[in-house]
Amino acid sequence: MKVKKNYSGLMARTETFNCMPKLSKYSKVIAFRGILLLVFFQVVLLGLHFIRHHISNDEDDMVFKSVFGVVSDTGSWNTLYPVLLEAVQDGRQVEVHMSGASARQFRAGRMPHLDPRLRVTLEPKEGNVDDKETSVERLASFIVRRHWVTVVGASTSVEGSLGATLALCTSKAASGSLLVEDRYASALPTLQSIPTHCPARAHAPTICVSDRIAESLIASHTSFKGRVVVTGAPMFDREIQLLHSSESAQANQRRRVRDALGVQEEELLVLLAGQSAGTTEVLQVVLDAVKLLQTETLMHKAQVKVLVRPHPRAPAEDLQAVRALTLAAPLGLVFSNTSALAHFATSDSLVPGADVVVSGYSTTNYYAILWKVPGVVYVGTEILKKKFWKDKHLDMVPEVKEGAAWEVTTPETMKHVINHVQTYMKTHLVSPQLENIFNAQERLCKYHDGFAAKRVWAIISSS
């Protein structure tokens, strides 16, 4: 018996399931436009994400490449410039803020060899009523911009140490900050003020110092517990490289300076590096010493030449007093304002031609130690001792304490030094006292090999 299957119900259900409402032509257009709009917004969002990602990467790359330098005077500029050159040569974008003496020198056109790749920001010019920013505001707006690392040149001046403190306290550097000293003790005022202005950063910056003397002074005169690295002094790199090149190069430098000044080889050249105070007292000691020599040995005055190079910030009364002493000295003994000096920008550039370099505690004396000048003299008058204590918080010049230089306080002791040096220059015989000084200079200079700037940059680039 055949059973007839009834599929009508299934078919009915199937037909009911497959039935779809028909869209009008207008509805189809609306739906198609909605889909296109959705795709459009997705593309836009993806594009914005892509652009934001690349802009962020570009900004991060710019920050990584940017090095900000802060200098306030000649010493801090001389210290930082070789380091900034290392940064430029490594492909970094370098900007430097200048204030104080460094800004004045830049405006006066006394930095003709400045690398054009450095971008310079100057503090507002004094007396410029059109400038709406103060020096502090200009530095603050400079240093708070995002950048990779801040490098600050240490300074003992009031404006310099305040500027360094502000830069280290407010810097937005992604990789931290460095404070670089020129010789010694220049970082002390800043390290002593940071705990008051920004306690959280009291031990944050890395300090680069010239030698063990500088390192020990930070340990004994501050509460700083951060990183201190002995790198040598970048400001001496160029001189060291010249000194290490050859003996003939040294002889050529000596001849060039003396020829320009009109000083004969048999004449003893005493270079007096002036400071912002006390130059008159130093000159008086030197002139009285020469007078004693002439009286005792009947030495002709032409055998000694005294070259006075005043400090650029020396007060007018000090300059007038120096001029009065110069005019009162025997004819031909002292010369200062000669046209020949225009070829030498600083006292340091005159050092190669000198036999005796004398000052209170000028950096020029340290250049003389590097050049192995036999008569490196620090004059310890009461005025200069007080000023040295005020600037460095030290009782004695470290170079003297180390035995690497002479210290004189009277014309008699200055005469003693000139006698020693004159004998050495004529006979090349080294007295026991002079031999001790040369040995101490050798020990002191072992940290200066011409690569200090590279060491500082290596610390920066590894941060």
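**Questions on a predicted model**

Q: Which residues does serine 171 touch, not counting residues up to four places away in sequence?
A: In this predicted model, serine 171 is placed in the loop between helix H6 (158-170) and strand S5 (177-180). Leaving out residues up to four places away in sequence, the residues that serine 171 touches are Ile143, His147, Thr150, Ser177 and Arg201.

Q: Is serine 171 buried or exposed?
A: A residue counts as buried under 20% relative accessible area and as exposed over 50%. The relative accessible area of serine 171 is 4%, so serine 171 is buried.

Q: Which residue has its backbone nitrogen 3.1 Å from a polar atom of the side chain of serine 171?
A: A polar contact requires a pair of N or O atoms within 3.5 Å. A polar atom of the serine 171 side chain lies 3.1 Å from a backbone nitrogen, and that nitrogen belongs to alanine 173.

Q: In what order do the seven strands of the open sheet stand?
A: Strands of a sheet pair through backbone hydrogen bonds, either parallel or antiparallel. In the open sheet of seven strands, the pairing is parallel. Strand S3 (119-122) and S7 are the edge strands, since each pairs on one side only. The order of the strands is S3-S2-S1-S4-S5-S6-S7.

Q: Which residue of S7 stands opposite cysteine 208?
A: Strand S6 (residues 206-209) and S7 run parallel and are joined by three bridges. Opposite cysteine 208, the residue in S7 is valine 229.

Q: Which residue of S9 is the bridge partner of leucine 272?
A: S8 and strand S9 (residues 304-309) run parallel and are joined by six bridges. The bridge partner of leucine 272 in S9 is valine 308.

Q: Which residue of S11 stands opposite leucine 271?
A: Strand S8 (residues 268-273) pairs with strand S11 (residues 356-359) in the parallel sense, over three bridges. In S11, the residue opposite leucine 271 is valine 357.

Q: How far apart are the end C-alpha atoms of helix H16?
A: Helix H16 (residues 411-427) has 17 residues, and at 1.5 Å a residue it should span 24 Å. The expected span takes one less than the number of residues. The distance in the model agrees with this expectation, because the end C-alpha atoms are apart by 24 Å.

Q: Which residue with a positive phi follows H16?
A: The phi of the residue after H16 is near 65 degrees, and this residue is histidine 428.

Q: What kind of aromatic pair do phenylalanine 236 and tyrosine 366 form?
A: The structure holds seven aromatic pairs. Phenylalanine 236 and tyrosine 366 form one of them, at 5.1 Å centre to centre and with 10 degrees between the planes. Planes under 30 degrees apart count as stacked, so this pair is stacked.

Q: How many residues apart are phenylalanine 236 and tyrosine 366?
A: Phenylalanine 236 lies in the loop between strand S7 (228-230) and helix H9 (237-245), whereas tyrosine 366 lies in helix H13 (residues 363-370). Phenylalanine 236 is buried, with a relative accessible area of 1%, and tyrosine 366 is buried, also at 1%.

Note on methods: Residues numbered from 1 in each chain as written. Predicted model: local features only at pLDDT ≥ 70, side-chain atom pairs only at ≥ 80, totals over all residues. Heavy atoms only, no water. Phe/Tyr/Trp six-rings, centres within 6.5 Å; stacked < 30°, edge-to-face > 60°. Helix = DSSP H or I, 4+ residues; strand = E, 2+ residues; numbered from the N terminus. Buried < 20%, exposed > 50% of the residue type's maximum accessible area, 1.4 Å probe, protein only. Polar contact = N/O pair within 3.5 Å; in protein donor to acceptor, adjacent residues only side chain to side chain. Contact = heavy atoms within 4.5 Å. Pairing = 2+ DSSP bridges.
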